[in-house]
Amino acid sequence: MLSENHLLELIPGYALDCLSEQDMLLVSEHLSQCSSCRVELDSYLRIVNDLYLAVPEVAPPPDLNKRCLVTSRKNELGLQRSNPFLPGSGFGVCSGPPRQFGLMPAWF
Ligand SMILES: [Zn+2]
């Protein structure tokens with residue numbers, strides 16, 4: 001595959017599980033055909049795993065569960081103000097830690 005066809009700019013977001021659904025699918029399909037990008041992804045996944053080990057674990061605030069439920073309910077009712085940092089807003093910021101990690105890092 002030609003180098004200009006690689007998806008190197010999307011690989012970090014793919015490793016962090018914070019791409020749009022469309023981009024996740026695009027990268028997945030590309031990875032199934034491109035060993036070069038799979039090597040790149042492996043290096044990012046090692047970094048992602050090390051990032052979670054590099055920050056101290058802290059207990060979430062006691063009211064976090066309640067705040068999440070309230071925010072979720074507001075979103076369901078369409079009452080939540082639009083958040084420019086949510087996926088699909090064009091900012092490309094992650095919506096949260098990858099789902100495979102159970103503990104919350106201190107920076108979250
Ligand atoms: Zn590639």
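**View 1. Confidence along the helices of the predicted model.** Among the helices (DSSP runs of H or I, at least four residues, numbered from the N terminus), helix H4 (residues 64–77) has the lowest confidence, with a mean pLDDT of 88, and helix H2 (residues 21–31) the highest, at 97. The pLDDT is the predictor's confidence in each residue, from 0 to 100. Over residues 88–95 the pLDDT falls below 50. Where pLDDT is low, the predicted coordinates should not be read in detail. For the protein, the mean pLDDT is 79, and 69% of residues reach 70 or more. This is a predicted model, in which local features need pLDDT of at least 70 and side-chain atom pairs count only at pLDDT 80 or more, while totals for chains, interfaces and linings use all residues. Residues are numbered from 1 along each chain as its sequence is written.

**View 2. The largest nonpolar core.** A nonpolar core is a set of buried Ala, Val, Leu, Ile, Met, Phe, Trp, Tyr and Cys residues joined through C-beta atoms within 7 Å; a residue is buried if 20 or more other C-beta atoms, placed from the backbone, lie within 10 Å of its own. The largest core has 7 residues: Ile-11, Tyr-14, Ala-15, Leu-19, Val-27, Cys-37 and Leu-41.

**View 3. Helix H3.** The 20 residues of H3 reach 29 Å from first C-alpha to last, close to the 28 Å expected at 1.5 Å a residue, the expected span being 1.5 Å times one less than the number of residues.

Note on methods. Helices (H or I, at least four residues) and strands (E, at least two) are DSSP runs, numbered from the N terminus. Two residues are in contact if their C-beta atoms, placed from the backbone, lie within 7 Å. A residue is buried if 20 or more other C-beta atoms lie within 10 Å of its own, exposed if 12 or fewer, and partly exposed in between; C-beta atoms are placed from the backbone.
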